[in-house]
Amino acid sequence: MKLKTIYLVLCVLGLVLPYWQFVPWVLANGLNMPLFFRQLFANRIGAFFAMDVLVSAVALLVFTRREGARLGVHGRWLPLIAILTVGVSLGLPLFLYLRERTLDQGRTQANTAAV
């Protein structure tokens with residue numbers, strides 16, 4: 001299986017699995033952000049995961065900006081939207097897919113130029 005395909009499968013999982021939990025919560029509570037954060041930080045384990053994801057999201061934003069610019073990744077703004085609307089679970093595999101697509105295009109161009 002190609003790496004791009006694996007990243008796309010992870011994008012789907014990264015979208016579906018978090019929203020599988022979030023949508024029922026929103027249906028039950030609405031977009032009650034104070035309640036959301038109270039429940040998110042209700043105990044140390046929840047706070048641990050929240051802090052882990054927040055730091056990971058910031059690191060991913062820095063990485064996507066730098067690596068995307070370095071490689072000339074088209075659509076490198078898409079992972080930003082994915083991180084803000086879903087989270088790292090979608091943003092990371094989406095950026096890796098875009099990065100792999102860019103690298104594949106570079107390899108194809110290099111092979112064509114070599115022939």
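**Entry 1: the model.** I noted at the start that this is a predicted model.

**Entry 2: helix 1 and helix 2.** I reminded myself that two packed helices are described by the angle between their axes and the distance between the axes. I looked up helix 1, residues 3–29, against helix 2, residues 33–40. Their axes are 11 Å apart, and the packing angle is about 130°. Helix 1 is therefore oblique to helix 2. I also wrote down that the crossing of helix 1 past helix 2 is right-handed. Which residues make the contact? From helix 1 I listed F22, W25 and N29, and from helix 2 L35, F36 and Q39. Sorted by class, this contact of helix 1 with helix 2 has 4 nonpolar and 2 polar residues, with no charged ones.

**Entry 3: helix 3 and helix 4.** Next I checked the axes of helix 3 and helix 4, which come within 10 Å and cross at roughly 170°. An angle over 145 degrees counts as roughly antiparallel, so that is how helix 3 and helix 4 run to each other. On the helix 3 side I found A57, L60, L61 and T64, which meet P79, L80 and I83 of helix 4. The contact of helix 3 with helix 4 has 6 nonpolar residues, 1 polar and no charged.

**Entry 4: the largest pocket.** The largest pocket holds about 880 Å³. How many residues line the largest pocket? I found 24, and those nearest its centre are F36, L40, V53, V86 and G87. F36 had already come up in the contact between helix 1 and helix 2. Helices 1, 2, 3, 4 (78–85) and 5 (88–114) each give the lining at least two residues. Helix 3 (44–71) supplies the largest share, 6 residues.

Key:
Residues are numbered from 1 along each chain as its sequence is written. This is a predicted model: local features need pLDDT of at least 70, side-chain atom pairs count only at pLDDT 80 or more; totals for chains, interfaces and linings use all residues. Side-chain values use heavy atoms; hydrogens and water are left out. Axes are lines fitted to C-alpha atoms, for helices over the stretch in contact, and angles run from 0 to 180 degrees between N-to-C directions. Helices (H or I, at least four residues) and strands (E, at least two) are DSSP runs, numbered from the N terminus. Angles under 35 degrees count as roughly parallel, over 145 as roughly antiparallel, 65 to 115 as roughly perpendicular and the rest as oblique. A crossing is left-handed if the near helix is turned anticlockwise from the far one by less than a right angle, and right-handed if clockwise. Contact means heavy atoms within 4.5 Å. Ala, Val, Leu, Ile, Met, Phe, Trp, Tyr, Cys and Pro count as nonpolar, Asp, Glu, Lys and Arg as charged, and the others, Gly among them, as polar. On a 1 Å grid over the protein atoms alone, a cavity is a set of points where a 1.4 Å probe fits but cannot get out, and a pocket is an open set with protein on both sides within 12 Å along at least five of seven lines; lining residues have an atom within 4 Å of a point. Grid points are joined across faces, edges and corners, and a volume is the space filled by probe spheres set on the points.
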